[in-house]
Amino acid sequence: MMDTRWIDGKAFAARMRAEIAAEAADLRARHGLEPGLAVVLVGDDPASRIYVRNKVQQTTEAGMRSLEHRLPAETTEAELVALVEALNRDRAVHGILVQLPLPRHIDSARILATIAPEKDVDGFHVVNAGRLAVGLDGLVPCTPLGCLLLLKAFAPPLAGARAVVVGRSNIVGKPMAQLLLRESCTVTIAHSRTRDLPEECRRADILVAAVGQPELVRGDWLKPGAIVIDVGINRVTDAEGKARIVGDVAFKEALGVAGAITPVPGGVGPMTIACLLRNTLTAARRQAGIAG
Ligand SMILES: NC(=O)C1=CN([C@@H]2O[C@H](COP(=O)(O)OP(=O)(O)OC[C@H]3O[C@@H](n4cnc5c(N)ncnc54)[C@H](OP(=O)(O)O)[C@@H]3O)[C@@H](O)[C@H]2O)C=CC1
Ligand SMILES: Nc1nc(=O)c2c([nH]1)NC[C@@H]1CN(c3ccc(C(=O)N[C@@H](CCC(=O)O)C(=O)O)cc3)C=[N+]21
């Protein structure tokens, strides 16, 4: 039986935030620059509210300015475009995050296209996606970046490893595959039309699950010793009727098979916010023309 390591994303993210706070303090002392992150929340989804609360608190703790815009669910697309354009012009705002999903009457592609690419700390703008694809410096999506940092710390060397990414969304799966390719992994992207998903997964030295299906990936889908990154955040109700969060991987089954695995919660989630702060600092430096 393999002794499976837990990849403690919560502790790793806390260390990252401490480094970011020190860099932010230095920027302020030497250049009088305070990075500003604007978060836009449309409507009143309770899960989104929790993320926004965490982001606001951790942004402030890192010594950056947090600006919140909470808009009613009835907000029109034109009003949201106007707000994003005002944030694009605001020199105190270095990063803009519009929480997804947006209400159905708003075209999220249009909103993402409105965000100035240099302020797009989510890395969702087509320009940033394109920059990642062709190997230019841009802003990289926070969740895949967080996964990559964990892999670099817990699974070196990445070059030559077989990586399987389950999920092909623009915000997680596709940019994750791009980052792994950049590290010279041999990358497979699986999705809902993949013919034999368990068999594809069994080939993976590195498995990233970003599906949104509670515990879809079973213990016997894993290659012994594989490094497993579980991106899924799924709310489920257990036998006693209590709500809890589980990932896309059956965690208990993976113990004893995987070489290392991220828990949910306490794995990828905290890394997403730490990378958002990192991207905000990077964006502020670039906008101010300060090398970092
Ligand atoms: N920890 C964090 O910081 C974050 C966590 N998340 C979580 O990660 C998960 C994925 O998010 P996101 O990428 O936005 O989700 P999407 O719903 O946008 O994409 C899900 C992907 O999984 C694929 N898929 C769905 N069902 C299956 C299946 N049965 N077998 C194989 N593939 C399947 C879909 O395939 P197809 O394209 O064919 O439909 C799609 O490509 C969610 O649980 C989300 O909550 C998301 C962002 C941040
Ligand atoms: N524009 C945009 N950018 C996003 O990055 C974005 C988004 N919209 N919409 C929603 C998803 C989801 N997401 C999470 C971020 C942090 C945790 C997180 O911190 N999770 C912790 C705490 C979980 C808990 O509080 O129980 C954990 O997993 O340990 C989770 C999920 C970002 N997303």
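Mentor: One definition before we start: UniProt positions are given here in the numbering of this chain, feature names are shortened, and an annotation may be inferred rather than shown by experiment. Also keep in mind that this is a predicted model.

Trainee: Got it. Which residues does UniProt list for "binding site"?

Mentor: The unreviewed entry lists Gly 167, Arg 168, Ser 169 and Ile 233. Take two of them in turn. Ser 169 sits in the loop between β5 and α7, while Ile 233 is in the loop between β8 and β9.

Trainee: Is Ser 169 buried, partly exposed or exposed?

Mentor: The idea is to count neighbours: 20 or more other C-beta atoms within 10 Å means buried, 12 or fewer means exposed, and anything in between is partly exposed. Ser 169 has 16, so it comes out as partly exposed. Ile 233 has 19 and is partly exposed too.

Trainee: Val 264 has a neighbour I'd like to ask about. What kind of peptide bond joins Val 264 and Pro 265?

Mentor: You read that off omega. The bond between Val 264 and Pro 265 is cis, with omega about -5 degrees, and Pro 265 lies in the loop between β11 and α10. There's another cis bond between Leu 100 and Pro 101, again with omega about -5 degrees. That proline belongs to the loop between β4 and α4.

Trainee: On to sheets. In what order do the six strands of the open sheet come?

Mentor: The general idea is that strands of a sheet pair through backbone hydrogen bonds, either parallel or antiparallel. Here the order is β1-β11-β8-β7-β5-β6, and the pairing is parallel. β1 and β6 stand at the edges with a single partner strand each, so one side of each has no neighbour in the sheet.

Trainee: Can we zoom in on one pair? How many bridges are there between β5 and β7?

Mentor: Four, linking residues 162-166 of β5 with residues 206-209 of β7 in the parallel sense. As one example, Val 164 has Leu 207 of β7 as its bridge partner.

Trainee: What about the other open sheet, and which of its strands are at the edges?

Mentor: That sheet has three strands in the order β3-β2-β4, with parallel pairing. β3 (65-71) and β4 (95-98) are at the edges; each has a single partner, so one side of each is left without a neighbour. From one strand to the next the twist averages 15 degrees. β2 and β4 are joined by four bridges, and Ala 38 stands opposite Ile 96 of β4.

Trainee: Where do I find an antiparallel pair?

Mentor: Look at β9 and β10, which run antiparallel with four bridges between them. Val 236 stands opposite Arg 244 there. The hairpin has five residues between the strands, and one of its residues, Gly 241, takes a positive phi near 80 degrees.

Trainee: What is phi in residues other than glycine, such as Ser 184 and Glu 215?

Mentor: Ser 184 has a positive phi near 65 degrees, and Glu 215 has one near 50 degrees. Ser 184, in the loop between α7 and β6, is exposed with 12 other C-beta atoms within 10 Å. Glu 215, in the loop between β7 and β8, is buried with 21.

Trainee: Last topic, helices. At what angle do α6 and α7 pack?

Mentor: About 35 degrees, with the axes 8 Å apart. Pro 144, Cys 147 and Leu 148 of α6 meet Pro 175, Met 176 and Leu 179 of α7. Helix α6 also lies across β7, β8 and β11, at about 160 degrees to β8. Leu 145 of α6 is buried, with 23 C-beta neighbours inside 10 Å. Its C-alpha atom is 9.8 Å from that of Val 268, which is 123 residues away along the chain.

Trainee: And the domains: how far apart are the C-alpha centres of domain 1 and domain 2?

Mentor: They lie 28 Å apart; the assignment gives residues 31-116 for domain 1 and 141-269 for domain 2.

Conventions:
Residues are numbered from 1 along each chain as its sequence is written. Chains are lettered from A and ligands numbered from 1 in the order in which they are written. This is a predicted model: local features need pLDDT of at least 70, side-chain atom pairs count only at pLDDT 80 or more; totals for chains, interfaces and linings use all residues. Two strands pair if DSSP finds at least two bridges between them. Helices (H or I, at least four residues) and strands (E, at least two) are DSSP runs, numbered from the N terminus. Two residues are in contact if their C-beta atoms, placed from the backbone, lie within 7 Å. Axes are lines fitted to C-alpha atoms, for helices over the stretch in contact, and angles run from 0 to 180 degrees between N-to-C directions. Domain bounds come from an automatic or database domain assignment.
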